[in-house]
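Here is a friendly walk through one protein model, from its strands to its aromatic rings and charged pairs. Keep the structure open beside the text as you read.

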Amino acid sequence: NCVELTSLTIPSSMTTIGDYAFYKCENIKTIDFESASKLKSIGNYTFNYCIGIEKIVFPTNLRTIGENAFGYCDSLVSVLSTGYLTTIGKFAFNECINLKTFKIIGRGYLDKIEASAFQNCYKLEEVSFGYDCQLRSVGNAAFINCVSLKKIDLGRTVNEIGDIAFRNCRSLTTVTIRTHITWIYIGSKAFENCYSLKI
């Protein structure tokens, strides 16, 4: 609740930002990561309800985004990861109602998108996990109610899509799964009400 805090510079030596560190700091607008950042993890609820943040560029070494880390960041429009992100936690970007793009640039190391990670991101249009993505699991309700999402490429290694993962993604036309795995689990009602999906 540091209401006068408007910007953050995360030093390159920092490896972890702990749980609830900036919870409800509503006037933070910018987060800058120093070059050669060693940051590997962002904890649970770390920036929850930071409603002033508009865009984020994560540093290369970041591996984990915790549960509800950026939930209810109403002004957040774009998220860019430039490196080795492997896990997006439960409700990580829940109710980011103005989020339009989420991109991982370069070779994708993302392994897991946990339950409800992008729940109710109504304006989310573009999702990219990097080329040769390593994604294996999309959790329950991960993209539920992402009504603006049109296409998504889940890569070569995905073997689990959870229950109601893409429920009510009514603009979704294309889901690309290029897996070489012999089986894939698709949960109950995973694509329910995806009226635009082409088979």
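## Strands side by side

Strand S7 (residues 78-81) and strand S9 run parallel and are joined by 4 bridges. Please keep in mind that this is a predicted model. Within that pairing, Ser 78 stands opposite Thr 101 in S9. Strand S9 also runs parallel to strand S11 (residues 126-128), and 3 bridges join the two.

Which residues of strand S9 (residues 101-104) form its covered face, and which its uncovered one? Phe 102 and Ile 104 make up the covered face, while Thr 101 and Lys 103 make up the uncovered one.

Elsewhere, 8 strands form an open sheet with parallel pairing, in the order S2-S4-S6-S8-S10-S12-S14-S16. Its edge strands are strand S2 (16-17) and S16, each of which pairs on one side only. Inside that order, strand S8 (residues 87-88) and strand S10 (residues 112-113) run parallel and are joined by 2 bridges. Ile 88 has Ile 113 in S10 as its bridge partner.

## Aromatic rings

The model has a count of 16 aromatic pairs. One of them brings together Phe 33 and Phe 58, with ring centres 6.5 Å apart; their planes lie at 55 degrees, so the pair is tilted. Phe 33 sits in strand S3 and Phe 58 in strand S5 (residues 55-58), so to speak linking distant parts of the chain, 25 residues apart. Phe 33 and Phe 58 are both buried.

A stacked example is the pair of Phe 166 and Phe 191, at 5.2 Å centre to centre with 0 degrees between the planes. Phe 166 lies in the loop between strand S14 (160-161) and strand S15 (174-176), and Phe 191 in the segment after strand S16 (185-186), so this pair ties together parts that are 25 residues apart in sequence.

## Charged pairs

How many salt bridges does the structure hold? There are 6 salt bridges, and the table sets out some of them.

| Salt bridge | Closest N and O atoms |
|---|---|
| Asp 111 with Arg 136 | 3.6 Å |
| Arg 178 with Asp 153 | 3.2 Å |
| Glu 192 with Arg 167 | 2.6 Å |

Glu 192 lies in the segment after S16 and Arg 167 in the loop between S14 and S15, so their pair ties together parts that are 25 residues apart in sequence. Glu 192 is partly exposed, with a relative accessible area of 24%, and Arg 167 is partly exposed at 27%.

Asp 111 counts as partly exposed at 29% relative accessibility, and Arg 136 is partly exposed with a relative accessible area of 38%. For the remaining row, Arg 178 counts as partly exposed at 29% and Asp 153 is partly exposed at 33%. Beyond the table, Arg 107, Asp 132 and Arg 156 are linked in a network of salt bridges.

## Two serines in loops

Ser 37 is found in the loop between strand S3 (30-33) and strand S4 (41-42). At 5% relative accessibility, Ser 37 counts as buried, because buried means under 20%. Its side chain reaches the backbone nitrogen of Leu 39 at 3.2 Å. Leaving aside residues up to four places away in sequence, Ser 37 touches Ser 12, Pro 59 and Asn 61.

Ser 148 lies in the loop between strand S12 (137-138) and strand S13 (151-153). What does the side chain of Ser 148 meet in Tyr 122? A polar atom of that side chain lies 2.8 Å from the backbone oxygen of Tyr 122. With residues up to four places away in sequence not counted, Ser 148 touches Tyr 122, Lys 123, Leu 124, Glu 125 and Ser 171. Ser 148 and Cys 169 are 21 residues apart in sequence, and their C-alpha atoms are 7.0 Å apart in space.

Conventions:
Residues numbered from 1 in each chain as written. Predicted model: local features only at pLDDT ≥ 70, side-chain atom pairs only at ≥ 80, totals over all residues. Heavy atoms only, no water. Buried < 20%, exposed > 50% of the residue type's maximum accessible area, 1.4 Å probe, protein only. Polar contact = N/O pair within 3.5 Å; in protein donor to acceptor, adjacent residues only side chain to side chain. Contact = heavy atoms within 4.5 Å. Pairing = 2+ DSSP bridges. Phe/Tyr/Trp six-rings, centres within 6.5 Å; stacked < 30°, edge-to-face > 60°. Salt bridge = Lys/Arg side-chain N within 4 Å of Asp/Glu carboxyl O.
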